Amino acid sequence: ATHYGMLFPRESATREIKELNGLWDFRADMSPNRNLGFEQAWYKRRLAETGPVLDMPVPASYNDVTQDPKLRDFIGWVWYDREVVVPVRWGADPRTRVVLRVGSAHYYSVVWVNGVKVAEHDGGHLPFEAEVGHVIGANPSAPCRITIAVNNTLTLETLPPGSIQYMTDLTKYPKGYFVQNTYFDFFNYAGIHRSVLLYTTPQAYVNDITVVTDFADSVGTVAYNVAVSGSSVASLKIALTDRDGRCVATSTGLTGVLKVADVMLWWPYLMHVNPGYLYSMEVHMQVVDKGGAVLEDVYTLPVGIRTVKVTSTQFLINNKPFYFHGVNKHEDSDLRGKGFDWPLVVKDFNLMKWLGANSFRTSHYPYAEEILHMCDRHGIVVIDECPGVGIKDIRSFGNASLAHHLDVMGELVTRDKNHPSVVMWSVANEPASEMPPAGVYFKTLIAHTKSLDATRPVTYVTNSNYARDKGAPFVDVICVNSYFSWYHDPGQLEVISLQLNTQFEEWYGKYQKPIIQSEYGADVVPGLHSDPPMMFTEEYQVMVLQSYHKVFDQKRKQYVIGELIWNFADFMTAQGVTRVVGNKKGIFTRQRQPKAGAYTLKERYWRLANETG
Ligand code: GCB
């Protein structure tokens, strides 16, 4: 599939946005085969006319907002609907294109407008959209009904994979009992997780923009490519302005190169006095239609000018060595689950800056694009990970899985290719990369990703044994997770130094590629203390961190290019004997209050920033 045209919706002189966030009507289809909604065509009427409904906030996961355990742990189709009043001018003007966009809904979605199916989407973490003008009609005086059915079922061919297991022993389980197995360590939150919007463009419009930036001495370059839809001929005016609104370069073609004298480069946080510098690239398109009328479209893209390169020992941003001192995150919080929430986003950025973190990995799926805009503006560097987490079953290496994975990378690169903060793609987390098909799988997947974007390095995150891992030959940077003195040798803090040293030497010795410690950490139940330290206490987490840090300090002068703590904050998981109301490896609690480990890390990150920045 070709992916293009997923520009982030922005208002402009020619584009309008109508947000559809707030309360929607909601029902989980709890019928035995979970298919009553389709059998009774719930999309043909208001949901409230076909049965009882709940108030459901959008965006939010539905799991934690009610007192119903059946809804928290629900597997299957849930239905959302609401009405919207479409401005008459949108329907009355045939030159206006009306688009319905869902920022993300987990996992599989079907969308109807006034009972007409307009979209279907496979995947829980990326946006999808559909033109709906033809359904709304020329005279949208009647309220327009939007219905979205979302199914959170995961199979061996979804990303992330999962499997449904039927429990057939009738002495132990009721008839028809089934559970959703997952192979990843976070709660499978579901629902409409990001904004739903209606927006307009003219019928002839700017469909996509790709920028690739570079610089030589003090001159920056922005090589751009604009894709136009709805017309074969268009005249373009491109203007690049600086932060103060001064125009610094102009151009006219669909492709071209903007040259910027005395360029202000995009720098990471703490690496420069002025991090996250963004220019604005205004694309102004004009088309004369058959009747001689002039159609115009305007779209403005923020552009950061920077380069990324990898050598056998270094990660270079703007030709300067960059050391990742950062975090792994989750989209996760109380009540909202994975629902997008601005106060949470802003709090997290303030905490990252407090910590002195210059980077994070979007473990283990793409985050809301609004978060990447924050990263662009604040200079927080991102390893952009796709939802390839939990590829453990041999069947998840099959052709259907690979085809979907390639598709998801297409969607991800299309959405995120222009973000200066995104410096590397991660195609997976902890796959069973020692399995026989893993070699071809990762070779194909990584080559495909590089064909989509030749400018960024590609990695995946491994916890395999260096000798048996089959994907590392194809990555640019080796990302390794390890939990010495936690999952291995629990309680034995003294083994960390030797084992971590061995880990680095083995991987570097075999591949001569730079290495990021992409996870390490220990669970803490906040408020638990013990000296000498014991597992689950604040002291133990501090000791694990300090023991890892000593080795990082020896190796970072050589080929270790980064350290990302697992995890920024506590987060919810499936219930299990190793999880005390979720994963507690956060250095912050789920409510974003610091544990002792946060202060250890803060001191270190600021020291690293002063040494390297
Ligand atoms: C890992 C996984 C991460 C888990 C973490 C843990 O290796 O990549 O998703 O949450 O370990 O705490 O077990």
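These legends describe close-up views of one predicted model.

Numbering starts from 1 along each chain as its sequence is written. Because the model is predicted, local features need pLDDT of at least 70 and side-chain atom pairs count only at pLDDT 80 or more, while totals for chains, interfaces and linings use all residues.

**View 1. The whole chain.**
The chain holds 11 helices and 32 strands. Helices (H or I, at least four residues) and strands (E, at least two) are DSSP runs, numbered from the N terminus. The radius of gyration is 25 Å, close to the 25 Å that the globule rule gives for 613 residues, so the chain is as compact as a globular protein of that length. That radius is taken over C-alpha atoms, and the globule rule is 2.2 Å times the number of residues to the power 0.38. Along its principal axes, the C-alpha trace spans about 75 × 75 × 45 Å. Of the 613 residues, 48% count as buried. A residue is buried if 20 or more other C-beta atoms lie within 10 Å of its own, exposed if 12 or fewer, and partly exposed in between, with C-beta atoms placed from the backbone. Among contacts with a separation of 6 or more, 71% join residues 24 or more positions apart. Two residues are in contact if their C-beta atoms, placed from the backbone, lie within 7 Å.

UniProt, in an unreviewed entry, places the feature "domain: Glycoside hydrolase family 2 catalytic" at residues 308-609. UniProt positions follow the numbering used here, feature names are shortened, and annotations may be inferred rather than shown by experiment. The end C-alpha atoms of this span lie 19 Å apart. The span is 35% helix and 16% strand.

**View 2. The nonpolar cores.**
The largest nonpolar core has 134 residues. Ile148, Val382, Val427 and Ile515 have the most contacts inside this core. Helix 10 (residues 538-555) gives the largest share of the core, seven residues. A second, separate core of 32 residues includes Leu7, Ala204, Ala234 and Tyr279. A nonpolar core is a set of buried Ala, Val, Leu, Ile, Met, Phe, Trp, Tyr and Cys residues joined through C-beta atoms within 7 Å. In soluble globular proteins, nonpolar side chains tend to be buried together.

**View 3. Ile515 and its partners.**
Residues up to four places away in sequence are not counted here. Ile515 touches Ile478, Val480, Phe504, Trp507, Tyr508, Tyr559, Val560 and Ile561.

**View 4. Helix 6 and its packing.**
Helix 6 covers residues 369-378. Its buried residues are Glu369, Ile371, Leu372, Met374, Cys375 and Asp376. They pack against strand 21 (294-303), helix 5 (342-355), strand 27 (381-385), helix 7 (399-416) and strand 28 (422-429). Just after helix 6, Gly379 takes a positive phi of about 75°.

**View 5. The ligand shell.**
Around the ligand are Phe184, Asp185, His364, Asn429, Glu430, Asn463, Asn481, Glu519, Trp566, Asn583 and Lys585. A residue is near a molecule or strand if its C-beta atom, placed from the backbone, lies within 6 Å of it. By class, the shell has two nonpolar, five polar and four charged residues. Ala, Val, Leu, Ile, Met, Phe, Trp, Tyr, Cys and Pro count as nonpolar, Asp, Glu, Lys and Arg as charged, and the others, Gly among them, as polar.

**View 6. Two cis peptide bonds.**
The peptide bond from Val58 to Pro59 is cis, with omega near 0°. Pro59 sits in the loop between strand 3 (54-58) and helix 2 (69-72). Leu159 and Pro160 are also joined by a cis peptide bond, with omega about 0°. The loop holding Pro160 runs between strand 10 (144-151) and strand 11 (162-166).

**View 7. Arginines in loops.**
Arg34 has a positive phi near 60°. Its loop lies between strand 2 (22-28) and helix 1 (36-39). Arg34 counts as partly exposed because 18 C-beta neighbours lie inside 10 Å. For Arg592, phi is near 70°, again positive. Arg592 lies in the loop between strand 32 and helix 11. Arg579 lies in the loop between strand 32 (560-565) and helix 11 (596-612). Arg579 is partly exposed, with 15 other C-beta atoms within 10 Å.

**View 8. Thr210 on strand 15.**
Thr210 belongs to strand 15 (residues 205-216). With 17 C-beta neighbours inside 10 Å, Thr210 is partly exposed. Leaving aside neighbours within four places in sequence, Thr210 contacts Tyr224, Asn225, Lys417 and Asn418. Thr210 and Leu7 are 203 residues apart in sequence, yet 9.9 Å apart in space, C-alpha to C-alpha.
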